[in-house]
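Subject: Structure handover

Dear colleague,

Please find the structure below, with its sequence. My notes come after it.

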Amino acid sequence: LKDPGLPTTRALHRVAAESMASTCIAAGGVFAVARPNQGKAAKAPKRAGSKLWMPKSAAVDSPRIIVEGDKESKMAGLTQLRKEVIMDMEDFAENELMGLLKDPNKNWQPQDFLPDPESPDFLDEVAAVQKRGASLPDDHLVVLVGDMITEEALPTYMNMLNTLEGTKDKTGADGTAWARWTRKWTAEENRHGDLMNKYMWMTGKVSMKPIETTIQNLIGSGMNPKTENNPYLGFVYTSFQERATKISHGNTARFAIEHGDEVLGKICGTIAADEGRHEIAYQRIIEEVMKRDKDGAVLAFADMMKKQIVMPAHLMDDGEHKARTGRDLFADFASVADRTGTYTAYDYASIMDHLIKRWKIADLDGLSGEAAEAQEYLMKQPARIRRLADFAAAKAKKKEAQEEAFSWIFGRKVSI
């Protein structure tokens with residue numbers, strides 16, 4: 001989205017929000033589709049400054065939070081003052097974040113939920129997996145596979161965290177608390193895709209070759225979360241995403257149990273619990289930033305909400321879906337996840353409500369004029385998103401039902 005001070009902003013936000021309401025899901029944190037980088041900077045009109053953009057001559061403590069496409073987008077994402085805020089939080093990261101991680105020697109591992117290959121009953125246990133999964137509907141399989149693919153693109157997410165100024169792991173083995181958190185968070189998350197991949201393979205109900213192709217294409221494509229190397233923006237993003245992922249996995253757990261696969265339900269529920277711990281960590285970071293720089297934190301929160309939270313897997317591609325349908329694979333996957341209630345625009349609004357309450361946005365006082373306007377914007381958004389969701393739902397009811405085939409489930413069709 002362009003700078004909110006431009007004349008066409010109202011129309012742009014309206015179109016973007018309506019699009020979000022109709023395709024906003026979170027299978028593993030699914031929200032809005034981001035435009036891929038086009039390889040060249042967009043032309044920006046000349047202006048003296050705006051609520052989220054400041055020229056190079058701005059004071060060192062001015063909020064240089066970059067909007068995608070801006071001339072300044074190649075600049076560092078933090079002012080010197082805000083970089084110092086992050087650097088001064090090293091003790092916080094050591095004392096508040098590391099304690100939320102679990103000892104790998106005591107934590108669950110994928111094998112705890114899978115048939116034991118050393119057991120003489122191994123093949124019988126695999127047959128039991130297939131028997132339990134026999135009743136799983138195809139639309140729920142599509143959502144489960146989409147969740148799993150999103151989890152499997154973990155290298156991209158670690159790379160994103162290591163773009164953030166002041167917290168990145170510069171050598172790959174830094175001893176700072178920030179760097180150790182990123183590596184250990186990644187290590188915990190790595191078990192999610194590993195477990196889901198193996199279990200879904202054992203069900204015999206999904207086609208692994210196109211799934212594996214989608215994973216490789218997704219990791220190769222990367223992602224653009226619009227965080228601009230700025231940890232303020234980056235940790236707002238992860239605060240939102242982790243909660244969304246928790247909700248999504250929680251719903252797939254419920255669906256699995258409803259359809260007779262209690263083990264799969266336990267798997268998804270256990271992963272959701274991990275996401276809940278990680279959600280707490282990232283939300284604590286912004287909570288701490290609020291104490292030290294409430295203007296910057298509020299501006300960052302508003303900036304990410306105006307740009308919308310981008311799904312980590314928005315560039316998923318199986319190499320055939322778009323050629324066959326003319327639509328992005330993600331768009332159809334998003335429709336299935338929304339229709340099944342795995343994650344909807346109403347959940348998006350509920351996450352905004354949660355973060356607004358968690359970070360006590362309504363109670364903040366003494367903000368600068370720019371931050372006060374951002375505060376006002378944030379307070380209005382949950383209700384606005386719900387209205388748009390109502391509009392999109394009513395519009396969808398009037399449309400003729402449509403089905404589409406997914407390579408992930410051997411070309412079988414589901415409603416989108």
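This is a predicted model: local features need pLDDT of at least 70, side-chain atom pairs count only at pLDDT 80 or more; totals for chains, interfaces and linings use all residues.

Residues are numbered from 1 along each chain as its sequence is written, and side-chain values use heavy atoms, with hydrogens and water left out.

Salt bridges

The structure holds 27 salt bridges (a side-chain nitrogen of Lys or Arg within 4 Å of a carboxyl oxygen of Asp or Glu). One of them joins Asp293 to Arg82, with 2.4 Å between the closest N and O atoms. Asp293 sits in the loop between H10 and H11 and Arg82 in helix H2 (residues 80–87), 211 residues apart. Helices (H or I, at least four residues) and strands (E, at least two) are DSSP runs, numbered from the N terminus. Both Asp293 and Arg82 are buried (buried is under 20% relative accessible area, exposed over 50%, partly exposed in between; 1.4 Å probe, protein chains only).

Helix H2 also supplies Lys83, whose partner Glu165 lies in the loop between helix H6 (154–161) and helix H7 (177–203), so the pair ties together parts 82 residues apart in sequence. The N to O distance here is 3.4 Å. Lys83 is partly exposed at 28%, whereas Glu165 is buried at 11%.

Glu320, Arg324, Arg327, Asp332 and Glu404 are linked in a salt-bridge network. Within it, the side chains of Glu404 and Arg327 meet at 2.8 Å, N to O. Glu404 is buried, with 11% relative accessibility; Arg327 is partly exposed, with 26%.

Helices H10 and H11

H10 (residues 262–292) and H11 (residues 294–307) pack at about 135°, their axes 6 Å apart. Axes are lines fitted to C-alpha atoms, for helices over the stretch in contact, and angles run from 0 to 180 degrees between N-to-C directions. Val289, Met290 and Arg292 of H10 make the contact with Lys294, Ala297 and Val298 of H11 (contact means heavy atoms within 4.5 Å).

Ser239

Ser239 belongs to helix H9 (residues 231–258) and is buried at 0% relative accessibility. Its side chain reaches the backbone oxygen of Tyr282 at 3.1 Å. Leaving aside neighbours within four places in sequence, Ser239 touches Glu279, Tyr282, Gln283, Ile286, Leu355 and Trp359.

Regards

Terms used
A polar contact is a pair of N or O atoms within 3.5 Å; within protein, one must be able to donate a hydrogen and the other to accept it, and residues adjacent in sequence count only if both atoms are side-chain atoms.
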